[in-house]
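Subject: Handing over a structure

Dear colleague,

Please find the structure below, followed by an account of what was found in it.

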Amino acid sequence: LKKEGDQRAKRHTTVYRPWGFFTFMEGNDRYRVKKVVLYPGKRMSLHRHYNRSEHWVVARGTARVKLDGQDFVMGSGESTYVPRGSPHIVENPGKIPLELLEVQIGDYLSEEDVERVGRDGVEDF
């Protein structure tokens with residue numbers, strides 16, 4: 001993998017966080033697909049990305065979303081678009097793990113392209 005320049009030689013495909021984990025599924029220099037799992041009662045911090053947009057599809061569970069100041073709930077099979085620069089946060093209000101498919105599109109696809117917003121990066125709904 002290292003000889004071929006495969007990123008899996010530098011980082012694992014699954015990354016764990018206090019709220020759950022994400023797994024890189026597919027991608028290249030213009031798009032990336034991730035499976036994101038949020039544990040029941042957990043949420044990510046309020047943040048935004050300047051170099052990419054995101055499309056989220058709920059595969060399982062319930063997502064409570066705050067996007068550009070709008071609050072809404074999504075269930076299995078529903079989706080939303082997160083434009084570049086838009087503050088967003090997702091929470092799992094349910095009793096089962098929330099599974100999201102996230103498609104990132106942009107010129108720079110890096111986990112460093114994140115700006116936390118609000119008090120210590122967390123904002124209540």
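**What was found**

Read along the sequence, the protein follows the pattern β-β-β-β-β-β-β-β-β-β-β, and it has eleven strands and zero helices, where strands (E, at least two residues) and helices (H or I, at least four residues) are DSSP runs numbered from the N terminus. This is a predicted model, in which local features need pLDDT of at least 70 and side-chain atom pairs count only at pLDDT 80 or more, whereas totals for chains, interfaces and linings use all residues. Residues are numbered from 1 along each chain as its sequence is written, and side-chain values use heavy atoms, with hydrogens and water left out.

Of the 125 residues of the protein, 39% count as buried, a word that here means under 20% relative accessible area, with a 1.4 Å probe and protein chains only. Among the contacts (heavy atoms within 4.5 Å) with a separation of 6 or more, 66% are accounted for by residues 24 or more positions apart.

Thr80 lies in strand E8, which covers residues 79–82, and Thr80 counts as buried because its relative accessibility is 15%. Leaving aside residues up to four places away in sequence, Thr80 touches Glu54, His55, Trp56, Leu67, Phe72 and Met74.

Ser45, in turn, lies in the loop between strand E3 (31–38) and strand E4 (47–48), and Ser45 is buried, since its relative accessible area is 18%. Ser45 and Val90 are 45 residues apart along the chain, and their C-alpha atoms are separated by 8.0 Å.

Terms used. Buried means under 20% relative accessible area, exposed over 50%, partly exposed in between (1.4 Å probe, protein chains only).
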